[in-house]
Amino acid sequence: MKLLFSFLTYLLLFCYLLGTGLEIARGEYILFNSFKLVLLLLTFLTLIFPLFFKRSVAITIIALGGLATLPISEMLNANTGVLFVDSLEHALLLTLPFIVYLLKSNNLNPSRGLSIVRIVFGITFIGHAIYASGLIVEPTQFIFILSGLFPESETLNQTLLYLIFVSDLIVGIGLIVRFSEWNFLLHYTLVWVLIATIARALVFFPQEINPFELLSFFSKMLWRIIYILVPWFLIKKNRTM
């Protein structure tokens, strides 16, 4: 468990570092991104050498590193609605570094760590449901993806958004309260993530083939492996419980 979650967290930080570096190279939010880059590097070092930092200092660094992964434009514009939904959607990603730190510093029982991962994974799906509902913010990314896949069927796209809202909400709540058939829910999340990843790859693949665009696409797609391996790992562990 410690090895897998460490790998996933380092992969996540690598993707964020790569994406931030590319934004700086393109001249986007240079000052803000430079500060973000420093926080991500400090988070990386804290997780590699957890015993070199006091616990309070390490937790603070990891928390700031998590904040640095939230959308820059929404933070600068104080768009609280988008930040709230985005924080729910990234609950798993925001929590993984804390779990890895606590595991590596022997401050967290592995079984408790699994329970936390299950709960924040459920919160992630509730975030997806709220986003798809359009109650707080317009689901522009979902609409863009669906429009790219089904450009001439607005009614179908609206129906799919509603189905995403209902199914993700049920799955999210089910994972948090641990329904008796929660293993089935994990299989659903695995299939859903695979479909969503393929759809994103098809829609967001860069039109212009150049190193910057390809690396940016790579940095945004690679960390989605986390959403594939986490439910797979929970399914595997649930079978042995």
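Is Thr9 buried or exposed, and what is its relative accessible area? The views below come from a predicted model, in which local features need pLDDT of at least 70, side-chain atom pairs count only at pLDDT 80 or more, and totals for chains, interfaces and linings use all residues. Residues are numbered from 1 along each chain as its sequence is written, and side-chain values use heavy atoms, with hydrogens and water left out.

**View A. Thr9 in helix H1.** Thr9 is buried, at a relative accessible area of 0% (buried is under 20%, exposed over 50%, partly exposed in between, with a 1.4 Å probe and protein chains only). Its helix, H1, covers residues 2–25 (helices are DSSP runs of H or I, at least four residues, numbered from the N terminus). Leaving aside residues up to four places away in sequence, Thr9 touches Leu47, Leu96, Pro97 and Val100 (contact means heavy atoms within 4.5 Å).

**View B. The salt bridge of Arg26 and Glu28.** Here's the one salt bridge in the structure: the two side chains meet at 3.1 Å, N to O (the cut-off is a side-chain nitrogen of Lys or Arg within 4 Å of a carboxyl oxygen of Asp or Glu). Arg26 is partly exposed at 33% relative accessibility, and Glu28 is partly exposed too, with a relative accessible area of 32%.

**View C. Where H8 meets H9.** Phe142, Ile143, Leu146 and Ser147 in H8 meet Asn157, Leu160, Leu161 and Ile164 in H9. By class, that's six nonpolar, two polar and no charged residues (Ala, Val, Leu, Ile, Met, Phe, Trp, Tyr, Cys and Pro count as nonpolar, Asp, Glu, Lys and Arg as charged, and the others, Gly among them, as polar).

Notes: Helices (H or I, at least four residues) and strands (E, at least two) are DSSP runs, numbered from the N terminus.
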